[in-house]
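Please open the model in your viewer and keep the selection panel at hand. The stops below are arranged as a short tour.

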Amino acid sequence: MLAVASAWLTVSALNRLGAAPESLGPRIVELQVFLGICAVAALIVATLSAQRHHVTERLQELNDTLERRIQDRTASLQESERRSLALEEAAREAAAQLSQTLDTAAVGLVRVNRDFVHVSANPAYAALAGLPVGAIVGRHMVDVIGASAFAAIRPFLDRVLAGETVEYETLLPFAHAPAAHIHVVHTPWRDTRGQVTGWVGSVTNITQRKYVEERLRASREHLSVAMQASQSLSFEWDIPNDRVRHLHSADASLPMTEVGSFDDALMAVHPDDRAMVRAKAEAALTSTDGEYAAEFRVLRPDGQVAWKSESGRVEFDAEDRPLRLIGIRRDVTAQKAAEEQQRYSEELHRISFDHSPTGIVHVSLDARFIRVNQAMCEITGYAADELRGKSIADLTHPDDAARDAELLDAYVRGDTSFYENDKRYVRKDGSIRWVSISARMVRDAAGNPLHSVGSVRDITERVRALGLLRESEQRFRVMADGLPLAVWVHDANGTQEFVNGTFCRFFGLTPEDLQRDRWQTLIHPEDEAEYVGRFRECVRERRPFHARARVRVADGSWRWVECWGQPRIDDDGTFLGMVGATADITEQRTSEEELRAHRENLELLIEKRTAELEASHRRLRLSERMASLGTLAAGLGHDMGNLLIPLGVRLDSLEGHDLSDAAKDDVRAIRTSAEYLQKLANGLRLLALDPERSPVGEATELASWWSDAKGVLKNVLPIGVALDSDFTTGACTIAMSKAALTQVIFNLVQNAGDAMKAQRSGHVRVRAQIEGSRVRIEVSDDGPGMTSEVQERCMEPFFSTKPRGISTGLGLVLVYGLVREASGTVELRSALGKGTTFVLDLPVASPATKVKEEGRGKSAVVALHDARLRSFVTGELTALSYDVKDSSGLDVAELCVVDCENILRRVPKGAKVVYLGSHVHESSLQIRSLGGRPHVSAVRAAIRDLCGESDA
């Protein structure tokens, strides 16, 4: 109103300047605009006052709602307990069904986690490993199969952990059982996020088949060596002289060696073969062609028998009389041995083929059976004669025919070097059998394909077991996901293996978010140690688990939950882990607490709850109101300053004109009003300052501050109450920011004015004087004073003597906090009927005190989702002279304030980080972790601490 009056006075004065230049017209218009701005400001203040009535009505509605909720929660308590017991029983039954399915599998089944620790194993796998089930579960693979065996299959395990289904055959030297050839299929085991947490394996013993194949390969190698090894010599029998000479083919330059007569040479022949050799030689002498050939045995000097093969021709003279027999003798011992080995190999192959437990087939290039063994007949139900000539397609199940035809075509064309497939056969009787087929092509010496040889294994039981396992797991998952409880399963080490859909929805997690032991980060910090400690103790002692705690749920709020867990024990007594469920008991617990408090003092509980709710709403309204008033004050101060600057210029111009004495008096009066309005604008700017965003170490020159602030402080006092001041400090600077000092004195003056509003008269005095290195500021009034009870409680949060809806009771708490932050003290003196005095003792700033500029020349990044918090942090860093950027400037950032874990991973090494979260991975960063929802004061303290470390 004072501003409006001053503006009216200015307009009136200018109107009296009738002989003034024509340029006075625009000045009048500018003053009229200023008058309009002041009117708008008055309207906004009136509107804010009108909202108080609406807030009071809303608080009454909230009080009625609270009473109804107490009654509803009491009625639902017993029903919630009954549902909890039923769901516990359902969870136990599902766990028992899954355990029974694993134990009845026909093939060796095992489940292993990412740490290569056995989670479960069925009896078939235990028998193959040579250990009881109880000695396998919970042990590392090295302890079960041995270090060398583990190293041999480690590459296959790495492929499974990468998400690939792996099938292979290998000789595995078990640590506690004889070495065995095994056929293994590993299938990745995924958690609810789709991440691989281990694998399920089926293991089949194929030692007998490998033995037969190895013997066949050895026989073929022996035959090949025997066919390549050959030693020979030349011989000559001079028939007329009866002399036999030998020449070794190894050195043709040597002379022939004299052996003796034919009878002498015949002495080297095995006695049983001499007659046969003599007869063949004599027959050659009388034959027309003179051809000679014989195979016989000789006795070596070491007593061993060797086989020789001789072939030659008789030379005749002109009268057809035999002259000599010339020929070659070859050592065919190896050949004879190879032939015998070949015969043995063929017999062994026949026996292995006919009696192998695995079906063996020979298939033509047009995919028809050429030869089959008895095992193949048993698999298909056809006799061998019935199978010969049938095509592979005749046995293949129609649903598998298309894919099988593609694999066969690629195999026959040579696109693949082998054919492998798992498919279904339709037996002769119409029944279905699952088979696993592996085939290789047989080629001639030129590499041309002849036919295929394949093995056919009946895997029906294995497929049925895996199907039952998947069906059981699916039933369990469907049942678990349908439960209203959050179901979880932990292994023997306490690591989370499975959670149902309710768990993910309740905690706001997706399969991609869910990480190992992430559940611990969801527990309230005050409950975490007790809850996790009790859980670990129950896992260690293998006993039931039960606990209650607060957890953070999907919407970010804290909810009370109750957890039950039961140990999982297999038939051998091996501890497999814990299975349990978590129920939201927030409503139940709230009801219990409210009922307990209701029995003690129902009225006290309602009043306390209502007071807390009202205080919360008042704080929210106060925060919004103060933000609005600060914005309004800053805007008004800025606009008033902009208008007063040209006004001062034009008043200077007017004084330069030849005016009458009356006009000059009016101009001086207008200048006085403009100077007052300028001080009022400066005061409004002081009110708009935020103490939380004041630069670190800011100091305030007391006299100049009072010159700006007193105009505003006068206007907060009621009509009839005057503001007096006495500043005898001279040029004095105190170690407190302008915003903080303004907030403190404004609250004290306003409280004094409110206390004197009823008496409509009195004085509020502000005095300041220097006492050594301290400044003493007194704010006193001659109001009604305080009782001893009010003096004891006036510094408590939310305590107020004003009517509810008028004050939050935070003013004096704010005063106390700001003075203490400035290393000062507050003293209160008051008595009924004698007024109240607040004495502030503050330190004098040293001459070197100035605003710190820790961030000068440095870059900072602010990446926060909350817009208000982001604005606060940006202002704080700007006040510290940092160059503030968004997340695109991470590469050069020296200080980062983030709330996103993904951005945290990208922070460069060496940077300092204030992280609004609790889960930190990077240990190389200087991180201050503040949790998910820190107070702005904690954020501000963390930023300033990190800046202080840089100074140190």
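Begin with the open sheet of five strands, ordered β2-β1-β5-β4-β3 with antiparallel pairing. Strands (E, at least two residues) and helices (H or I, at least four) are DSSP runs numbered from the N terminus, and two strands pair if DSSP finds at least two bridges between them. Select β2 (118-121) and β3 (166-172): these stand at the edges with a single partner strand each, so one side of each has no neighbour in the sheet. On average, neighbouring strands of this sheet are turned by 25° against each other, direction ignored.

The model is predicted: local features need pLDDT of at least 70, side-chain atom pairs count only at pLDDT 80 or more, and totals for chains, interfaces and linings use all residues. Residues are numbered from 1 along each chain as its sequence is written, and side-chain values use heavy atoms, with hydrogens and water left out.

V166 stands opposite H186 in β4. Then display helix α7 (residues 147-161), which lies across β3, β4 and β5 (196-205) and runs at about 175° to β3. Axes are lines fitted to C-alpha atoms, for helices over the stretch in contact, and angles run from 0 to 180 degrees between N-to-C directions.

Move to V277 in helix α10 (residues 271-286). Leaving aside neighbours within four places in sequence, V277 is in contact (heavy atoms within 4.5 Å) with L266, V269, Y292 and F296.
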